[in-house]
Amino acid sequence: MNSPLLRVKDLTIDIPVGGGTLNAVRGIDFDLNRGETLCIVGESGSGKSLTSLALMGLLGGRIKRTATQMEFDGIDLTKANNKTMRALRGDRMAMIFQEPMTSLNPAFTIGNQLMEALLLHRNVGKEAARARAIELLEKVGITAAESRLSQYPHQLSGGLRQRVMIAMALMCEPELIIADEPTTALDVTIQAQILRLLVDLGREMNMAMILITHDLGVVARVADKVAVMYAGELVETGSAEQVFNAPMHPYTRGLLRCIPQPGKTERGARLGTIPGIVPNLVGGVTGCPFRTRCDQAVAACRDAIPHRKPAENHRFRCVHETGHQIAETAV
Amino acid sequence: MSDATTNMTPDPMLEAIVGPTPGQMLRKRIFGHQGLMIGVVVLGILVLVAIFAPLLAPHDPYAQSLMARMKPPVFLGGTWEHPLGTDHLGRDYLSRLIYGARVSLLIGLVAATISGVIGTAMGVAAGYFGGKVDAVVTYLINVRLAMPVVLVALAVVAILGGSLQVVIVVLGLLLWDRFAVVMRSSTLQVRGREYVAAAKAVGCSTPRVLMSEIMPNIANNLIVVMTLEMAHAILLEAALSFLGLGVQPPTPSWGLMVSEGKNMMLFEPWMVLIPGAVLFVLVLAINLMGDGLRDVTAPENRS
Amino acid sequence: MSTTETNHPVLELRNVSKTYTVKQGMFGKPKPLKAINDVSLSLNRGEVLGLVGESGCGKSTLAKILLGLEDPTKGEVRVDGEVIGATDRRTLARRIQPIFQDPYSSLNPRKSIEDIISLPLRVHNIGDSNSQDKAVRDILDIVGLPQRVMRTYPSQMSGGQRQRVAIARALIMKPEIVICDEPTSALDVSVQSQILNLLNDLRAEFNLTYLFISHDLAVVEHLATRVAVMYLGRIVEESSVGGLFDTSGHPYTQALLKSVLTPEAGKGVPDTELGMEYPNPIAPPSGCHFHPRCPMAMTHCASIPPRPVPTPEGHVECHLFDSENDHNTGAPLVREGV
């Protein structure tokens, strides 16, 4: 257990578009151990969903993925062919999507869809698969599990569907779960329940989890490791405590100032803002991608940006050694 | 002006409006679509031919000459006097083809317009108002779909007598079903958009909401169905004329020309093949254009 | 918070109900769905009333009634004391305007920004084209958009810019009341704060009254002066923002507050103790609608609907707070599983 379950080095994703190449993801590195939860947080267009699809080998044909290293439990994913990937997907690595309504097939019963992966990947009979399906539905907190098997997705509420999605992902006891905005479409109360469920199950089954989200609250409460993504780059990585209690990169700090925090932000006071929009990533990106919106930007931001390591496992990329020009008071 | 703006005045975000307008993007897609361009060019040529028929036709399409019956076209050993030969009454085949384009295009355009108006009104009303209106329209559509078009058209034309006007009106009153179905579902999609709610909240009257919020957003589908139904109407006219119940002789109609040539088909196959080929080219061009328009106006659904 | 707040309700809902009939399946019997069940609510000038609740609780239906897009089945809506019927949609439009959730759906993609913003003026024949043009330029300035966007189309803009256009359209007729229906939930975090700041500034500048519908309690706490919590068509608690967030009463409000995930590392995901899923509004639970999910439910909660109990800052509908209720001796209700 010394080597991590998943190791990614210099992952790059290029998308050919009319008139050039969109450098959607550039040089991403991270490690993930068993039982750990990594949250990739970023706004729309940051490339966080592409990253998860790249890990699963689910990028569209035109999209180019390169990496110097991408290993899942010793299997080199950069060289894995379709057959290898198919064997991994649904079995050892599983994915949970944002909108359970569109990721469940409306034409098949819950039971059918739950048992499918198991029958496909494992040499088990129908009865055993059925028993396993019932067991998992109960595990994700669904009552009357046996009768649910014959129901269709449209007969369930959004929260229940997301639970079914989770049960489906867990059927083959995967070692890695990638959840892309699993709670964004849900109500806050249901969101808390689903997140608790994911965290508990992850711990219980010693699963590694990658959670993609834009919600800083979710990240702070769920993550062991946090990766802040901006315009295709990881601008800051570290433990949840490091990133939230001592954020270094100007983007991370800016994001935290943008959200009203009950008890901390004065009611009705002005919230912090990050002016501007994500830069155009077509055709060569140099320097810091955040410099167009950064209040700390200097001329050197156009050049190569150094990696900084303020603490063990805490990294960020900025020309300023502490992420800002002049010492700031607490965020 | 206000405190509200002070934070954003030198906002680089606002420099970011650089994308082309929807019109520019549409133009780019139109010119980049091969099928659409081929369809438009071919159809354009045929329309021009129809408009300038009197200038282009070498002979009077009605002038008979019993001395020059069934002359073969040039490529089968005929003369340039009649490039595509003459028919069994000695009328110049090329001139009849050219004038025939007028009949086909006229029928296609007018019949599709009539059914377009009927079907759009019904479909939009059904989709927008729902409830009882929708139930009635859906019932009418089902009734219409249960009627075989060709059979009904044949029966009506047989009773009223065939003529250009009768064929146009009959086809116009029969071909609205697809308009109604498509417009109904497009309206259903658009009706739930928040800009419709916003327009209502602003105080827009229902006709105004329909005309300025709903219609512009379903017009692309209307155009696509329109082209398909034009092709449909043209083919039906040819079929009716072929059966002797459409446009009446001596009017030059491609369907009629095929019909008149069919007796000689074994000996002079070109008499059927030439009008058949032009009909094929016209319908193909319209369908290419329709498919192309569907592609370029609904880019959200395909990458 | 604001000096311009008065106690004169500028907008009032009196015993408003909205019932839909829904048919389940092709041959199902039509059943009534009480989207809004006897709701009374008032908005004072200059205040921001936050309306929170889960999806399906009826908050969007309430917004539609206030905008005149739906007629209430029962009850009345009053603006400045005057009863408004749905026939007065045009009159209502000049006083109440909406800002919707999804800026990608709220702007007609076939129209230029100028057309979109000036639509209210054209519909109501306010001014000639010159003064309309000037009004559009002014309002663009106010919402922080440059004038050259006038001839662009929604597809050329980012989400935040579109929401500014939607705000401009809502404000161009100088309404008194703005119904904000989840105005920031479709936006990125960094854009959300800009829009919230803008809404706050505009309220102060134009003395606007907001009904701010949101599921994000952190945002509501930040912006609102008063909060109403809705559950299955009823307003189960209403209070000033301080009263609600600092000393919340209703168990449902408490659960909502608990489920707010503040960005604080190491705190873990809270247990909301809300057992079941949100109930089906066609067949709401008996008694107190909330009792199957309530961690504090007592036996009589399942049979007796709670009545509104006045509190210093509003009201709460819960047996726990009804001191005159002699049922409050009951044993705790045993809850069914999740």
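User: How do helix H5 and helix H8 of chain B pack against each other, in terms of angle and axis distance?

Analyst: In this predicted model, helix H5 (residues 93–129) of chain B packs on helix H8 (residues 164–174) of chain B at an angle of about 35°, and their axes are 7 Å apart. The crossing of H5(B) with H8(B) is right-handed.

User: What makes this a contact, and which residues of H5(B) and H8(B) meet?

Analyst: Contact here means heavy atoms within 4.5 Å. On the H5(B) side the residues are Val103(B), Leu106(B), Ile107(B), Val110(B), Ala111(B), Ile114(B), Ser115(B) and Ile118(B), and they meet Leu164(B), Val167(B), Ile168(B), Leu171(B), Gly172(B) and Leu173(B) of H8(B). Divided by class, the contact of H5(B) with H8(B) holds twelve nonpolar residues, two polar ones and no charged ones.

User: How does H5(B) cross H9(B), and what classes of residue does that contact have?

Analyst: The axes of H5(B) and H9(B) come within 7 Å and cross at roughly 35°, and the crossing is right-handed. Among the residues that make the contact are Gly116(B), Gly119(B) and Gly123(B) of H5(B), together with Phe179(B), Ala180(B) and Met183(B) of H9(B). By class, this contact of H5(B) with H9(B) has nine nonpolar, seven polar and two charged residues.

User: Why are H9(B) and H11(B) called roughly antiparallel?

Analyst: Helix H9 (residues 177–191) of chain B and helix H11 (residues 206–242) of chain B pack at an angle of about 160°, with axes 9 Å apart. Angles over 145 degrees count as roughly antiparallel, and H9(B) and H11(B) are therefore described in that way. Their crossing is right-handed. Residues in contact include Phe179(B), Val182(B) and Met183(B) in H9(B), and Ile214(B), Ile218(B) and Leu222(B) in H11(B). The contact of H9(B) with H11(B) has ten nonpolar, five polar and four charged residues.

User: How many cavities does the search find, and what lines the largest one?

Analyst: A search of the whole structure finds seven cavities of 30 Å³ or more, and the largest cavity holds about 80 Å³ of space. It is lined by 13 residues, and those closest to its centre are Pro251(C), Cys288(C), Cys294(C), Cys301(C) and Cys318(C). The lining of the largest cavity divides into ten nonpolar residues, two polar and one charged.

User: What joins Pro249(B) and Pro250(B), and where does Pro250(B) lie?

Analyst: A cis peptide bond joins Pro249(B) and Pro250(B), with omega at about 10°. Pro250(B) has its place in the loop between H11 and helix H12 (254–261) of chain B.

User: What is phi of Asn313(A), and where does Asn313(A) lie?

Analyst: Phi of Asn313(A) is near 70°, which is a positive value in a residue other than glycine. Asn313(A) lies in the loop between strand E12 (307–311) and strand E13 (314–317) of chain A.

Key:
Residues are numbered from 1 along each chain as its sequence is written. Chains are lettered from A and ligands numbered from 1 in the order in which they are written. This is a predicted model: local features need pLDDT of at least 70, side-chain atom pairs count only at pLDDT 80 or more; totals for chains, interfaces and linings use all residues. Side-chain values use heavy atoms; hydrogens and water are left out. Axes are lines fitted to C-alpha atoms, for helices over the stretch in contact, and angles run from 0 to 180 degrees between N-to-C directions. Helices (H or I, at least four residues) and strands (E, at least two) are DSSP runs, numbered from the N terminus. Angles under 35 degrees count as roughly parallel, over 145 as roughly antiparallel, 65 to 115 as roughly perpendicular and the rest as oblique. A crossing is left-handed if the near helix is turned anticlockwise from the far one by less than a right angle, and right-handed if clockwise. Ala, Val, Leu, Ile, Met, Phe, Trp, Tyr, Cys and Pro count as nonpolar, Asp, Glu, Lys and Arg as charged, and the others, Gly among them, as polar. On a 1 Å grid over the protein atoms alone, a cavity is a set of points where a 1.4 Å probe fits but cannot get out, and a pocket is an open set with protein on both sides within 12 Å along at least five of seven lines; lining residues have an atom within 4 Å of a point. Grid points are joined across faces, edges and corners, and a volume is the space filled by probe spheres set on the points.
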